[in-house]
Amino acid sequence: MILYLPLRAIQELHNFLSNPFVFPKGYPHKLYINGILYDPLQPVLHPLQKIRDSTPPSFIIMSSSSLQFPSPLRFNDRWRRVTPFAKAQTVAPSMSSVDESRLEPRVEERDGYWVLKEKFREGINPQEKMKLQKEPMKLFMEGGINELSQIPLDDIEKSKLSKDDIDGRLKWLGLFHRRKHQYGRFMMRLKLPNGVTTSEQTRYLSSVIRRYGKEGCADVTTRQNWQIRGVELPHVPEIFHGLAQVDLTSLQSGMDNVRNPVGNPLAGIDAHEIVDTQPYTYLLSQFITGNSHGNPAVTNLPRKWNVCVVGSHDLFEHPHINDLAYMPAIKDGCFGFNLLVGGFFSPKRCAEAVPLDAWVAAEDVIPVCKAILEAYRDLGSRGNRQKTRMMWLIDELGIEAFRSEVVKRLPGQELERATEQELVQKQWERRDLLGVHPQKQEGFSFVGLHVPVGRLQANDMDELARLADEYGSSELRLTVEQNIIMPNVENSKLETLLKEPLLRERLLPEPPILMKGLVACTGNQFCGQAIIETKARALKVTEEVQRQVSVSRPVRMHWTGCPNSCAQVQVADIGFMGCKTRDEEGKICEGVDVYVGGKIGSDSHLGDLYKKGVPCKDVAPLVVDILINQFGAVPREREED
């Protein structure tokens, strides 16, 4: 039997075959990939690297025993992929007390796109009006970007429609006009499920930012993702073509869309992992973007929407701040996930995700995601933007009524109740990802590299790509802490790798202890919403603080430039949210609201506001006091006595 599959699909197959929950004793049949006998116990790099160089590209040759999946398969023409569905045994939801008129879907499909019905258009916010005036996805799916990219900016500015295109609708394509600080230039946000990228992809992104000189750079984001800066509109079609050549896309990464699916950064290489999250995050991304061709069914949400799949006891994935989190759990001997829903940050409210009282088998990850998205799309409020995240809908309907709406949209209109057999260990000390650590594959290690506040230049990226090729498996992984992991390094090569100039001078495996947990958003250097500068200031304040005190353990400090909290200050040990305040002379200056006590992991909770309106020049001494009083820091003068 011969199957023709793309490279990433073959990697998914590897992850599936090596999953101990699916095949506890290993895959029982012989499997050949391009004529090479495949061993699921080997590191991913060996069989897949051979495929990358083969001709014809990427196919699997099966032996006489064909691959048997544990559940029936349906072929879905719309997404051009095989999707398994499990037969659910459910507890029927109770009847909802919500008025039936409130449960009427507010959107309908017209000509392949989902639009707000006329009867629900009163009191909608400006962003909804923009979507009604012109469908944003047409810029991609009907080639509108090609025409728009050829229009001079001066002419674009003459029309509100085209002006809204570059300032608003292009966000559906992952392009954010930096009107305030980089007029005529765009930030491009990529989709990078599970944070996994290749040296080839890294080199391509480096080549894009290099052409823009000092205006070009790249950031690692808090959703395991790349953002590249300096992009000019006339170059966008060419860049899109280049992205497709290296299996990347920026589609549906901004505005009212599903953001990058987050997973365990150690997926597939960690001896303590619960499940390899890579196949799930990849399939989620492919479903959400329609295999990078566009999926209009989920592009007209009331607001942005975050998803993660948990595969670690460490909860590196931060499930409690996602709209949907898949929590690994066993039910009746079957592996699957309990579901958490509704976690989010916003200027007016921050909320932790709550249990949906639902469990899905592993092969039903996509159907339940689709049903939850459709319930949110159909019923979510489109008025005040500060009250349009999914948790507001859950609060309005009640968790049981919301669950019932999800069930209505499932293929079999059935959804099992949550199981008590959760697999995440509650008492687990979160591990440090930086430095050198052994993999579950004997003879291999991963190396965690600290990227100061997530900012990289083209030279950094080229050098990372070279090192990944020379010492690893041509793979890099991004973390939600804005750092990078190089996996699959042979132990015999570690000593030489650690002597490389990039690791000794720039991306340190063992940075100073207070630098380890430092996170910062873009700040007002590029972002028009940021109130203060963050990245350079975060580094400066941290350097000043570590000159004054010594700490015995990392302290996670997050800086965000505005109340949107892109840097997630509420989950930090110490968080800084940009604001305007007054100094001792009463003059307006840049300042921060300070949060203390956020926790991540199994006992996660949000931090509390500690002090409002601290002028930025006074932040360092305040942090010193907090570290001494709450984190056991010792003044360095005392150390010297």
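Some ground rules. Residues are numbered from 1 along each chain as its sequence is written, and side-chain values use heavy atoms, with hydrogens and water left out. Because the model is predicted, local features need pLDDT of at least 70 and side-chain atom pairs count only at pLDDT 80 or more, while totals for chains, interfaces and linings use all residues.

Aromatic rings, then. A pair of rings is described by the distance of the centres and the angle of the planes. Rings of Phe, Tyr and Trp (for Trp, its six-membered ring) pair if their centres lie within 6.5 Å; planes under 30 degrees apart are stacked, over 60 edge-to-face, and the rest tilted. That rule gives five aromatic pairs.

Take Tyr-280 and Phe-337: the ring centres are 5.3 Å apart and the planes stand at 80°, so this pair is edge-to-face. It joins distant parts of the chain, since Tyr-280 is in helix 10 (residues 278–289) and Phe-337 in strand 16 (residues 334–341), 57 residues apart. Helices (H or I, at least four residues) and strands (E, at least two) are DSSP runs numbered from the N terminus.

Phe-337 also pairs with Phe-335, edge-to-face, at 5.3 Å between centres and 70° between planes. Are these residues buried or exposed? Buried is under 20% relative accessible area, exposed over 50%, and partly exposed in between, using a 1.4 Å probe and protein chains only. Tyr-280 is buried at 11%, Phe-337 is buried at 0%, and Phe-335 is buried at 9%. With Tyr-326, these residues form one aromatic cluster.

Next, the nonpolar cores. A core is a set of buried Ala, Val, Leu, Ile, Met, Phe, Trp, Tyr and Cys residues joined through side-chain atoms within 4.5 Å. The largest has 55 residues, and Leu-170, Trp-226 and Val-231 touch the most other members. Helix 14 (residues 458–471) supplies the largest share of this core, six residues. Apart from it lies another core of 47 residues, including Leu-324, Ile-330, Val-360 and Val-365.
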